[in-house]
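Colleague: I am new to this structure and would like a close look at a single part. Please keep it brisk.

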Amino acid sequence: EKSDPAEPIHTISRYVAEPAPPMTFQLNAACTVTFTGERYLHGYISHQFEGDSGASLSLTARARQFSCFMLLVGKIGPNRTFLPKHALIIKDKDDLRIPLTLESLPTAREFRDAIESLSAEQQRFASAYRAMQLEGSVFGLLVLQIKPALEALLNLPHDSLTKEIALTQKLLSLFIDFQIPSDLLSYDGDPAASTADKLAKVKEHANALNEMLAAAQQSEVRGAAQRDAYQHPNQRHTQESWEETRTAFGCCDSFQQEQEQRLVLSDLRSAATCKKSMSGMTLGKPASRSGVRAAGCASSSSNSTPAMACRSGALHPPSTPRSAPAHPPPTPQSVSSLGAKQQQQQQQQQRRQQQPQQQPQQQPQRQPAAADDDFDIADDAIEVDYTKIPTQLDACLLKLDTDAALRPTTVNVGESWTKRAQKALLAPPIDERLGAPEQRREKDKAFDLIDALSRSGTLPLSFASLHVLVAATHCFDCSLMDTVIVSNVNPIEKLERSSLLLATTIKDQKADGLLREEQRERVAIYSAALLQ
């Protein structure tokens, strides 16, 4: 994209026919993931005149609503390996823009002339170092489809999750946010069952896990509230604090009602204690506490002692108050609801005990890992060593590029990214900057999902698209006007010649077979050596 509005760049592309040999990349030192799928080889030529800053490129990735995929950006390594440096999950109208920078290397002729006066050992060292530079200049872009990988992971038929939007969102949340093992969600029943039965079983597993996670969250909320009560015994929670806790932790209404009932009982005891300790003092009207049922002691505004006495009474309530309480006693319904939480916990415990009994005794049929015999067909496929493409291009330029103007170019990823995301379905899109910490967080999240989808590397990822980019820059010694007027050179013909040199390497064909019949005579005027 050279400007804003964005314009796509034009590349020389080659589709590597399937079946292509499998490739691998590492998630960590102990996990290697194998992937197959489509392969595309692209060649891009940029041009630069004297005084120009060069082309400004950016990589843009967008996703539609309820669709998702993973994007891995890196380099192509040796021995059919991909070296991912960045990884992100693109979903639900995300719009990602990654700036790209181009770094030119010396031309083949410049390098040959520079090392000509060195010793034989120094020349071998310099040649090996340049070969490493050329191999490291191959830019790679890997796109992984998530829904087909989920179907293979959960033992579901192909395209069964296409219209199951809610289930897909739920499964992604379990894998990404909670890192649930796939064995707890995959279908392990009769392989001959219908697609609807398999989906129903997976939904049942997902719902059971969500109920368990909700119960665990509620338990954490109770523990946090109890610790807060121990640390601050003289403070009393208001309705606003309970609403904040309920919103932050997803607390249910029954837990809030239970806490309100505890406040009512505590207030009744406080009122009785206050009435006993404040004989002779006038009791005021109980003050409301933002919607929470409460009864408290109040005196005139000039004395705050009754209020302190009321709080102290709540901490040390008398065992049997002698006077009648200020409010009527709680109804049997409110008192009996105090044990509702215990009954709910017992029901959840019984449900967990019954769940293993409902699962079939048949062992789940795990999809076998990719063995070497599975890829014998790769011998008949067209195998391309992408790391050797820049070296082949360098040799071709040394032989046919008489102007020595085409430079091998390395594509690097910029530091600051831009991402437009929509947090909710009806929420407005928000632009945010992704620096190094945010990029690392997104990479960890994507790698966790890849680890789950591949079963820690034992399940190959079949629905992947690899795009390999080899770039070069045609550098002119003068500005555009000086090139045309002073040097009397047509820059269009020079760029066509460089493009033809790159195309012969990318396509692995002769230049004569890449030209149209009506263009051969014109190209032969200034590039006769290419057509021989």
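Colleague: Take aspartate 92: is this residue buried or exposed, and at what relative accessibility?

Modeller: This is a predicted model. Aspartate 92 counts as buried, because its relative accessibility is 12% and the cut-off for buried is under 20%. Look for aspartate 92 in a loop. Phi of aspartate 92 is near 50°, a positive value. Most residues other than glycine have a negative phi.

Now set asparagine 488 beside it. Phi of asparagine 488 is near 55°, again positive in a residue that is not glycine. Asparagine 488 also sits in a loop, between helix H13 (480-486) and helix H14 (491-507).

Follow the chain on into H14. Helix H11 (residues 389-400) packs with H14 at an angle of about 135°. Their axes are 9 Å apart. At that angle, H11 is oblique to H14. The crossing of the two helices is right-handed. On the H11 side, the contact is made by Ile389, Gln392, Leu393, Cys396, Leu397 and Leu400. H14 brings Arg497, Leu501, Leu502, Thr504, Thr505 and Ile506. Sorted by type, the residues of this contact are 8 nonpolar, 3 polar and 1 charged.

Key: Residues are numbered from 1 along each chain as its sequence is written. This is a predicted model: local features need pLDDT of at least 70, side-chain atom pairs count only at pLDDT 80 or more; totals for chains, interfaces and linings use all residues. Side-chain values use heavy atoms; hydrogens and water are left out. Helices (H or I, at least four residues) and strands (E, at least two) are DSSP runs, numbered from the N terminus. Buried means under 20% relative accessible area, exposed over 50%, partly exposed in between (1.4 Å probe, protein chains only). Axes are lines fitted to C-alpha atoms, for helices over the stretch in contact, and angles run from 0 to 180 degrees between N-to-C directions. Angles under 35 degrees count as roughly parallel, over 145 as roughly antiparallel, 65 to 115 as roughly perpendicular and the rest as oblique. A crossing is left-handed if the near helix is turned anticlockwise from the far one by less than a right angle, and right-handed if clockwise. Contact means heavy atoms within 4.5 Å. Ala, Val, Leu, Ile, Met, Phe, Trp, Tyr, Cys and Pro count as nonpolar, Asp, Glu, Lys and Arg as charged, and the others, Gly among them, as polar.
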